[in-house]
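Hi everyone, thanks for coming. Let me put the structure up on the screen, and then we can walk through it together.

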Amino acid sequence: MNIFCSIVILLTTAFIAWVFGSQISDLKKVREEGRTVYLDLQPVDPRALMLGDYMRLRYAEERVPEGMDIDDLPPKGAFVMTLNENNVGSFSHLDSKAKIASNQVRFNYTRTNRSLTFGAPRFYFENGTAETYENARYGVFKVSPAGKAILVNLADEEFRTLRPNSD
């Protein structure tokens with residue numbers, strides 16, 4: 001019985017390690033190969049004492065689109081966003097799995113209580129570098145064709161990626 005339990009534990013551990021490894025690999029692929037999309041930020045509070053320095057993010061596109069009721073949206077789904085010449089996304093329509101135009105991108109969302117989220121509500125930064133991010137205007141995402149989005153940075157109104165000065 002001990003050998004059987006040991007084998008089951010070993011196989012379970014190996015499976016869990018494989019699952020975590022494949023998820024990390026998927027995220028890395030999106031970060032490296034995903035399409036860059038900018039989303040408008042709404043002003044929010046930039047600090048929490050217990051969590052360290054971070055900026056709470058809220059995106060203009062997380063508002064429920066006009067003419068829709070949040071209760072009519074599925075708990076998880078995707079929007080199709082149309083990108084302008086600067087790759088700034090704006091809501092076009094709910095995803096119907098149909099082919100989308102080259103200037104459009106799928107963006108997965110999750111419905112929580114009475115709001116929508118794209119899964120990147122905070123941007124953490126090094127202690128003492130808050131001033132760098134005060135002028136953030138856009139969240140910079142990498143987005144896979146399936147709509148999986150990863151927040152990779154913040155940008156100013158001229159689409160310059162914000163980075164702290166290194167002295």
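Let me start with a term: buried means under 20% relative accessible area, exposed means over 50%, and partly exposed is in between, with a 1.4 Å probe and protein chains only. This is a predicted model, so local features need pLDDT of at least 70, side-chain atom pairs count only at pLDDT 80 or more, and totals for chains, interfaces and linings use all residues. Residues are numbered from 1 along each chain as its sequence is written, and side-chain values use heavy atoms, with hydrogens and water left out.

Now to the charged side chains. A salt bridge here is a side-chain nitrogen of Lys or Arg within 4 Å of a carboxyl oxygen of Asp or Glu. The whole structure has five of these salt bridges. Please look at Asp-95, which is buried at 17% relative accessible area. Through shared partners, Asp-95, Lys-97 and Arg-106 are joined into one network. Another salt bridge is formed by Glu-158 and Arg-160, at 2.8 Å from N to O, and Arg-160 is partly exposed at 48%.

So much for charges; on to the inside. A nonpolar core means a set of buried Ala, Val, Leu, Ile, Met, Phe, Trp, Tyr and Cys residues joined through side-chain atoms within 4.5 Å. Which residues have the most contacts inside the largest core? They are Tyr-59 and Leu-154, in a core of 26 residues. Two or more residues of this core come from each of β1 (35-42), β5 (76-83), β7 (104-112), β10 (138-143) and β11 (149-155); strands are DSSP runs of E with at least two residues, helices are runs of H or I with at least four, and numbering is from the N terminus. There is also a second, separate core of eight residues, with Tyr-38, Tyr-138, Val-152 and Ala-155 among them.

Back to Tyr-59 for a moment. If we leave aside neighbours within four places in sequence, the contacts of Tyr-59 (heavy atoms within 4.5 Å) include Leu-39, Leu-41, Phe-118, Phe-141 and Leu-151.

Next, the rings. Rings of Phe, Tyr and Trp (its six-membered ring) pair if their centres lie within 6.5 Å; planes under 30 degrees apart are stacked, over 60 edge-to-face, and the rest tilted. The structure holds ten aromatic pairs. In one of them, Phe-79 and Phe-91 are edge-to-face, 4.9 Å centre to centre with 85° between the planes. Phe-79 is in strand β5 and Phe-91 in strand β6 (residues 89-94), twelve residues apart. Phe-79 is buried, at 1%, whereas Phe-91 is partly exposed, at 25%. Phe-107 and Phe-141 are edge-to-face too, because their centres are 5.2 Å apart and their planes at 75°. Finally, Tyr-38, Tyr-138 and Phe-159 form one aromatic cluster. Thanks, and I'm happy to take questions!
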